[in-house]
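Open the model in your viewer and keep the selection panel handy.

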Amino acid sequence: MEPRLASLVIEGLKRAHVRFVVGLPDSMLAGVYVAAKKDHDIKYIQVTNEAEGASVAAGAWMAGGRSVLVMENSGLRAACEALARLGLVNGVPVTMLMGYRGDLGERFHWGVNHGMTMEPLLKALRIPYWIIDREKQIIPAVTRAVIHGVSSLYHTAVVFRTPLVNEGK
Amino acid sequence: MKRYDLLKQLAALVTEEDLVVTSIGGVKPEWYSLMPGNGTMFADLLGCATPFALGVALNLPHRRVVALDTDGGMLFNLGALCTVGNESPPNLTVIVLDNERYEGVVGCPPTHTSGRVDLERMAAGAGIPCTATARSLENFVESAAMMLSDGQAGLLVAKIEPGVFKDIPPERAKESDGIEDKYRFMRHIERLEKITIRPRYVRE
């Protein structure tokens, strides 16, 4: 994601009073990690896997610090057990921002399977999600995903597809 | 060293102003029977206690936070050690109750800490500034008291005997589920911090 679009993600987060961006760096949303690290109002926490990231984000949220987990959509698979327990057992929300690897037109053979599993997993976990591909959708989708997490006490997700994200070469 | 005896000592070291996050397993009913207040989040996920406590600690840097983790929980998510090491919040103390067993599993099969794995050395290698291993109650009290007051992120491995405390009085038994636990902990933090975490109407 180019810096101009990443700044819109940060703006959406700020409108929803998000203070923590927890992430495992990936190529598609690379600009978001950079922007979050640079921002003085946001604390960026780099984790080692997305399940750990879900727990860190949930802990910050429970203590009053709104948070999001940023990752590639393959991270959803790694995070499923944590998300299931945190969401279904405790009702502690994690809002996820993820790049849509494996979208129709995917150029990498290894990325195709990410697209095949993403939506079925989101549906299995009953996570409301928005798939967006236009610049003007970024701020409202990000803000509303966080707000919906707070009101529903359940996970939410925003999935960014091309041309909003870098496909990589 | 028995877990219940250790938890009794720990209960004397923490106050209602501190926040605690527990792992799953025998620690939950035992800790609840000793500290039935609302300052504990009883996590229901293996590998979650330490990263969850890290999130709490980073958001509330003025408040002491204790993760009551286990050998099984820590081994499930070793990357969390590295994130704790890199962030090193000075208000976080991780206590690993290491009985070298998956105690909730039939036959109590051993964990890797019963072999060559040393969680204290791994924590030190991950960059956690203060680490120790306690093999007696006296050791534990001394190290825990130090870590709770030294203003550094710390990890204390407590080598405990396998076994569950069976004499919890019925009035001290934990009956709540995960949702009730969440609300109690969240409302407790709202009162302590004078904040609203989950408002009736969520504004931009």
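Two strands pair if DSSP finds at least two bridges between them; strands (E, at least two residues) and helices (H or I, at least four) are DSSP runs, numbered from the N terminus. This is a predicted model, in which local features need pLDDT of at least 70, side-chain atom pairs count only at pLDDT 80 or more, and totals for chains, interfaces and linings use all residues. Residues are numbered from 1 along each chain as its sequence is written, while chains are lettered from A and ligands numbered from 1 in the order in which they are written.

Start with A:I131, whose bridge partner in β6(A) is A:V159. Now show β5(A) and β6(A) (residues 156-160): they pair in the parallel sense over four bridges.

Next, select α4 (residues 74-90) and α5 (residues 112-124) of chain A. Which residues meet here? A:S74, A:L76, A:R77 and A:C80 in α4(A) meet A:H114, A:T117, A:M118 and A:L121 in α5(A), contact being C-beta atoms, placed from the backbone, within 7 Å.

Finally, bring in chain B: the contact takes 31 residues from chain A and 33 residues from chain B. On the chain A side, color α3(A) (50-62), which gives the largest share, nine residues.

Conventions:
Contact = placed C-beta atoms within 7 Å.
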